[in-house]
Amino acid sequence: MLFVGMCLSAQAMENGGLEKGLEGWGVNVIPAASAEVLKEAASMGEFGLRLKIASQPTSGEIISPKIEVAAGKSYLAKYWSGGGGAQPANASIEMVFFDEHGNALPPPVAPAGKKARTAATGGANWNPGELAAVAPENAHTLGVRIKPMSGPPGSAVDFDDLTIDEMPASSPVSPLPVDSPRIQELKAEIQRDPTRGKTPPKIVLKLDDLKPASGGTVSQQWLRVADFAKEKNIKISVGIIAEGLEPDSPAFIQWIQEENAAKRIEFWNHGWDHAAGEKMIREFSGQPYERQKDHFSRANEIARKKLGFAFTSFGAPFNITDAATVRMLTEEPTITVWLYGDPKNPAGKIVLGNGVVTIETRARPDFEAFLEAYAHNRGTDYFVMQGHPGGWKDDNFEQFRMMVDFLIDQKAQFVFPRDFIVNNRAIHK
């Protein structure tokens, strides 16, 4: 099996891109699976690695090039996985330390909040992944091991853009400047093949948590985003926390009505109070059906009463739901689109996901993170990009503005969630 050209950008790991063939890589025999480099397996660059299941049980492994390590230090591996063609397969991916003789050491300890091993699955989208581990005593080198796990014959999972390096002491506190080498590198990669032969994507800007500001007005952060959207002639969608409609707030109500009448914004049901409890108890998760139904219905009713129009779309606070939510939505005919819903249990709704390309990373807009996810996922027909403008400072808004300007340059089409409805059927699945 020959590996050539998997596009990587490793700093500490040599030949992470396999541009020198198998130099530095270790590939053991995989009787029930195959591994090859293909153009159709690439998320960036020319080639990517496809690990394909032939039969079960599978065996074998692929070891990436190794870096030298120091005991006690923490190391970070980053990669992208997905693809795989029509049927997704599963593979394990883990960090492995080796002693000075090349013998694998026992599974390492991961830093707090991290994992040294996980599973990767093929699929329509490319998703980022990362692993982290602390180098144990006697550790001399570190590599990443990829092993086939499960999937029907012919299923596959793709990998691309693998890096290994020493873990930084802390996450960067500021986005990269727009002229940074990394951003320029990503732009050049996208320019080389902007849409991979597909039409430019549709973009849903999913902006959450609208509620009245002090005095029953609209906050300057929300007004700034709405004015920017008007200036750029793009559509945005805004989730209303409906209890904010209960007090007497004529300026707030009037602004919503005017924006809705101008067809610049689709306002949607974002629940009643956005409450959060302990142990992942949320407004639409871990709550009884009756309570979820009450909050959902109250939000719909007050919109009709105060705003004069009905919601067509729904997105749960925190994007967390359960079986009671599915039951509730199944019984509600006025809601047609479920943002970030459960594709396995769609409740008869059009489920719009594709949150892999989004506005906020680590709770703030980050143009570099957006650009990297976009570069990996070019060719996808739509993205639902989530953000929370009510909390954006000036620098956060600037990052958002750069995303929109970039997407306009890419000829992306900004749409409402309800624009995916054609005769009550989804335009894209």
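This is a predicted model: local features need pLDDT of at least 70, side-chain atom pairs count only at pLDDT 80 or more; totals for chains, interfaces and linings use all residues.
Colleague: Why is Q410 called buried?
Modeller: Its relative accessible area is 14%, and buried means under 20%, so Q410 counts as buried. Q410 sits in the loop between α7 and β21 (413–414). Leaving aside residues up to four places away in sequence, Q410 touches I190, P194, P200 and Y374.

Colleague: Why is R196 called partly exposed?
Modeller: The relative accessible area of R196 is 25%. Buried would need under 20% and exposed over 50%, so R196 falls in between. R196 belongs to the loop between α1 and β12 (202–210).

Colleague: How do you know that the peptide bond from Q56 to P57 is cis?
Modeller: Omega is near 0° for that bond. P57 is placed in the loop between β3 (48–53) and β4 (62–63).

Colleague: What makes the pair R364 and D366 a polar contact?
Modeller: The two side chains come to 3.3 Å, and the cut-off for N or O atoms is within 3.5 Å, so the pair qualifies. R364 lies in strand β19 (residues 364–365). With a relative accessible area of 14%, R364 is buried, because buried means under 20%.

Colleague: Where else does a side-chain oxygen of D366 reach?
Modeller: At the start of α6, the oxygen is within 3.1 Å of the backbone nitrogen of E368.

Colleague: Which residues have the most contacts inside the largest nonpolar core?
Modeller: They are L205, I256, F267, F370 and M385, in a core of 69 residues. Helix α7 (residues 394–409) gives the most to this core, with 7 residues. Not counting residues up to four places away in sequence, L205 touches I234, I236, I359, M385, F400, V404 and F414, among others. Apart from this core lies another, of 31 residues, including L49, A116, A133 and L142. In soluble globular proteins, nonpolar side chains tend to be buried together.

Colleague: How many cavities of 30 Å³ or more does the structure hold?
Modeller: There are 2. The largest cavity has a volume of about 40 Å³. Its lining includes P194, T195, Y374, R378 and F383, and divides into 4 nonpolar, 5 polar and 1 charged.

Colleague: What lines the second largest pocket?
Modeller: The lining has 44 residues, and the closest to the pocket's centre are G123, A124, N125, N354 and T380. The pocket has a volume of about 1100 Å³. Strand β9 gives the most to the lining, with 5 residues. By class, the lining divides into 11 nonpolar, 19 polar and 14 charged.

Key: Residues are numbered from 1 along each chain as its sequence is written. Side-chain values use heavy atoms; hydrogens and water are left out. A nonpolar core is a set of buried Ala, Val, Leu, Ile, Met, Phe, Trp, Tyr and Cys residues joined through side-chain atoms within 4.5 Å. Buried means under 20% relative accessible area, exposed over 50%, partly exposed in between (1.4 Å probe, protein chains only). Helices (H or I, at least four residues) and strands (E, at least two) are DSSP runs, numbered from the N terminus. Contact means heavy atoms within 4.5 Å. On a 1 Å grid over the protein atoms alone, a cavity is a set of points where a 1.4 Å probe fits but cannot get out, and a pocket is an open set with protein on both sides within 12 Å along at least five of seven lines; lining residues have an atom within 4 Å of a point. Grid points are joined across faces, edges and corners, and a volume is the space filled by probe spheres set on the points. Ala, Val, Leu, Ile, Met, Phe, Trp, Tyr, Cys and Pro count as nonpolar, Asp, Glu, Lys and Arg as charged, and the others, Gly among them, as polar. A polar contact is a pair of N or O atoms within 3.5 Å; within protein, one must be able to donate a hydrogen and the other to accept it, and residues adjacent in sequence count only if both atoms are side-chain atoms.
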